[in-house]
Amino acid sequence: MRTYFRLGAGLAAAVLVLGGCGIAQRHSANGVPSRTEAVVHTGPGGGSDVFARQVVKMLQGDKLIDANWPVRNETAGSGIGAMSYLKSRRGREDTVAAVTPTWIVTPLTLDGAAVSISDVRPIAGLLVEPQVMAVRADSKYGTAADFIADAHARPDTLVQVGGSITATDSLTGQALQARTQSKWSFLTFADSGQRIAALLRGDAQMMIGSTGDFSEQVRAGAIRVVGAVGDKRLPALPDVPTLAEEGVPSQGLPEEFRGFVGPPDMPAQTVTYYQELLRRLTSQPDWQKYAAEDGDVTRFLDAGQFRDYLGQQQASLKKLVDQLGLASH
Amino acid sequence: MSIEEPAPDGPIRTELPVTEEIRGPAEEARPRPDRHAIGQLTFGIISVAVGVAALIDAAGLAKFGKSGQPGPGLFPDIVAALLVVLGAWLAILTVVRPTRAEPVEEPVEPGGFKRAATVWLAFVVSIPLLVLFGFAPAMAALVAFLVFGVERIRGFRPVLAVVLVPAVVYLLFSVVLGVDLPESVLFPV
Amino acid sequence: MGALNNLIDGFAAALTPTNLFWVAVGVVVGTLVGILPGLGPPATLAILLPLTTSLEPATGLILMAGIYHGAKFAGSTTAILLNIPTEPSSVVLCIDGHELAKKGRAGPAMGMSAISGFIASTVGVVALTFAAPLVAQLAVDFGPPEYAALMAFALLLVIMMASESPLKGFISMGLGLLLSTVGIDLFTGQQRLTFGSVTMSDGIEFITLSVGLFAVAEVLINVEKASGRPLFTMPSKFRELLPTRADLRQSRGAIGLGSVLGFLVGALPGGGSTVASFLSYTLVKRTSRTPERFGKGAMEGVAGPEAANNSESGGAMIPLLSLGLPGTASTAVMLAALLLYGLQPGPLLFTEHPEIGWPVIASLYIGNVALLILNLPMIPIWVKLLKVPYWVLYPAILVLAVVGVFSIRSSMFDVVLLAFFGLVGFAFRKLGVPAAPMLMAFVLGPMAENAVRQSLVLSKNSPLIFVQRPIAAIILGVAALAAITLAITGKRRRAAVRHPVASL
């Protein structure tokens, strides 16, 4: 008996210690949803995970919310798991999720996917991470056009490094190849660290990614940015020309965006609550500082605009995925 | 002293009718009982079957890509073929050269296999219970079956275990740490 | 000597009373949370991330170091006591650690785990301080062909490991490799061996496989074997709860080997503690004069992998802090913490934020010292867990196994797989098929396949790339040598078994 008592006492003490540390705060705040959970499709430390945690931290720092929002990592199936989870929370007001283009592309390429982006309730679009093309600092390519010209002259010899075949960087690369009649190989790594390492090692000659992926290596002088993929020059890198300026056809390339969605049938007033919360966040100084440091462009879209935007993105990504033969059959 | 109950059908009819002296130095000289050979043969055949099944499922995958690079089907095919060969080899060896002493688990008590099978089946049955009734009730049922039904413990202590084990685990994981536990389909929260 | 001065400054900054308080809290909380199955160091760090980021950066990172070490130690505790691997890198500990526990040597095994971890961590921190630039270059130089060579070597070691029944070990490895291909192919996005099911498209979770093969199978074996008889012999004297001098002497080589290996493998992005601990176990076993003791409770079988597992954390900090490349799941969470503090880890972190970088390294070390001080006295209490009657313990293990597996991705299908793998593990035990090669192959398989395919993308399908790059060629050379040695000594050993007198 005494063993049980001690065991019980030990566990009770553990519960108290952990509870006291505030690991799981379940006290409800006044306002529409009493407790909110932020769903992401990446593991801890992944892109969406860090983004959601940053947003929660800033919302708290700006006193826009009282309680911490726990982040929930639904990593199954590159977005499928997160969307299925949202679907299972139909009509609830206590769940939001950080969304990226992966949520659109995965269902397009996965056989038998039971969910799609149209199943979730758009809340707000927050920012776009402009894509840039980067090479090693001592590379012979001065511009993106140089790289593409070389790839055209020597098909299948150059190598682009990036993530999964259906990620934005891969799709952008494939679209550029199709438009410029050039050909290069794609070296894929699941782990983002190894991509930069492959570029530094010289295994790959080029990488497409968000400005933030390269900023430290650029400052250290190891990597050079040769072109902005979007149609505008970047405030963070004003000297870097856009692909269009270099004469590379770059209209309608996929965009790496971030925003929030909710479960299907989320009550309209809750959607408005979150939408206004996020709208106020994007005008705060710490948000602007955060976006500037990462080289992101803030582009707030309300629920209606975000719905239209997601629809457009879905249509153009579907076209691209079909063209490239990646679509599920 | 051999096992009284006939072994249930299935691939793992491998429990040995063991005597005490088998652990002694006589082990090398004694011919192994056939059950071990049957088990080993079954294992070889299952390996071959797994390999063949994988070959069939992977048949639709390209072995090589457009420019000759290894495709998604190459690696599974190589491994599956390896399994077929090795499994067949093991099966043939077992038949051709039967009695090689192999390290086997320690002797078991009579009825031991039946008890292990019951525990496993109880675990399997608890899975639909988890779906239907959620974590705490299903696990309490599992623990109750194991301590009362299998272990036949009587008195106050097993009741405590049936209540405390699922309750403490539930409190610790679900309430304190916010970890997901199976929820009931019948009685959603 | 600049590095040494910086490190001393780092220690000075880290050793404030506040920080010491938080590192102690971290170790205790990390141990308590990490003891729960499924919650290895990365998951524990992630759960406690909101707590850490509410503190000052240096303090928060020191707290994380404490949690990290606590969770690691907790992982070895459950592996040794209950045969439950809560994280991939503690799987090898089950092989010998749990055997030691059955023999009544759970205390010494846990003590050895803490001590070898402490020594290895010291080696890791010293190496991190002085060899960081060198190793950072290695981390960059190590590309796909080098990985492919390393994986070839590792898979060879896995085959070598099953020396008692090579054929069954080989089949076990094949099954592991096959299971590892289940899911979506990274290169083409196609589904492989999922038999048309979306549930399988993410592949099989490592924890599901390992908890099934080890923990559930162990329960079934024990239930079959014993009714009423106590499973574990309990030591009566306190002295027997700690490793003896003979244990330490015996494990010296294993600790040294594990420390060096763990540091180097940990420094490779994507290498990680699992590979480090596997490699260390097989190498320690192969280089031992008495390899037949392994799997039956060899102290070196605990010391080697634990050393690798702990010096790995020093190695893993190199690509993280110098390149901003997280090599492991745990360092990925630390990266998240740094980002939340507004610090971008990268080549400039140490020059621009010396007030963060060096105290982090110092705190890794302090975390380990705190672990040793706080947890050595706790060992007798943990060992008491084995006094709980088995009829309570094994239902609890099954319940915890469900929690551990379900918590990974909230999938009921995984629980079904858990039951299935429990049955497979039970059958393996009855047939004398080793389960470890299956698990190791499961981890190494995707790395091997990806590395080979990535290499061939680089070389335009020329296999010469594996011998043209110096590091890859050297590793393959060593592997070939090892294979030849194995063939020769293996033949001699079998001959010795057949004619015991002749070989004397």
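Author: The crossing of α17(C) past α18(C) is right-handed. This is a predicted model, so take what follows as a reading of a prediction. The two axes come within 8 Å and cross at roughly 140°. Angles over 145 degrees would count as roughly antiparallel, and α17(C) and α18(C) are therefore oblique to each other.

On the α17(C) side, the contact is made by C:A401, C:V402, C:V405, C:F406, C:I408 and C:R409. α18(C) answers with C:D414, C:V415 and C:L418. Sort those residues by class and you get seven nonpolar, no polar and two charged.

Now step out to the neighbouring chain. In chain C, 55 residues are in contact with 62 residues of chain B. By class, the side of chain C that touches chain B holds 35 nonpolar, 11 polar and nine charged residues.

What about the partner itself? Of its 189 residues, 31% are buried. Among contacts in chain B with a separation of 6 or more, 58% join residues 24 or more positions apart.

Chain C also meets chain A, and that contact takes 46 residues from chain C and 50 residues from chain A. Here α2 (17–34), α3 (41–52), α6 (106–141), α13 (329–340) and α19 of chain C each supply at least two residues. The side of chain C that touches chain A divides into 30 nonpolar, 12 polar and four charged residues.

Finally, the core. The largest nonpolar core has 315 residues, and A:A97, C:M151 and C:I397 touch the most other members. α6(C) gives the largest share of this core, 17 residues. Over in chain A, leaving out residues up to four places away in sequence, A:A97 touches A:A38, A:V39, A:V40, A:A82, A:L86, A:F260 and A:V261.

Conventions:
Residues are numbered from 1 along each chain as its sequence is written. Chains are lettered from A and ligands numbered from 1 in the order in which they are written. This is a predicted model: local features need pLDDT of at least 70, side-chain atom pairs count only at pLDDT 80 or more; totals for chains, interfaces and linings use all residues. Two residues are in contact if their C-beta atoms, placed from the backbone, lie within 7 Å. Ala, Val, Leu, Ile, Met, Phe, Trp, Tyr, Cys and Pro count as nonpolar, Asp, Glu, Lys and Arg as charged, and the others, Gly among them, as polar. Axes are lines fitted to C-alpha atoms, for helices over the stretch in contact, and angles run from 0 to 180 degrees between N-to-C directions. Helices (H or I, at least four residues) and strands (E, at least two) are DSSP runs, numbered from the N terminus. Angles under 35 degrees count as roughly parallel, over 145 as roughly antiparallel, 65 to 115 as roughly perpendicular and the rest as oblique. A crossing is left-handed if the near helix is turned anticlockwise from the far one by less than a right angle, and right-handed if clockwise. A nonpolar core is a set of buried Ala, Val, Leu, Ile, Met, Phe, Trp, Tyr and Cys residues joined through C-beta atoms within 7 Å. A residue is buried if 20 or more other C-beta atoms lie within 10 Å of its own, exposed if 12 or fewer, and partly exposed in between; C-beta atoms are placed from the backbone.
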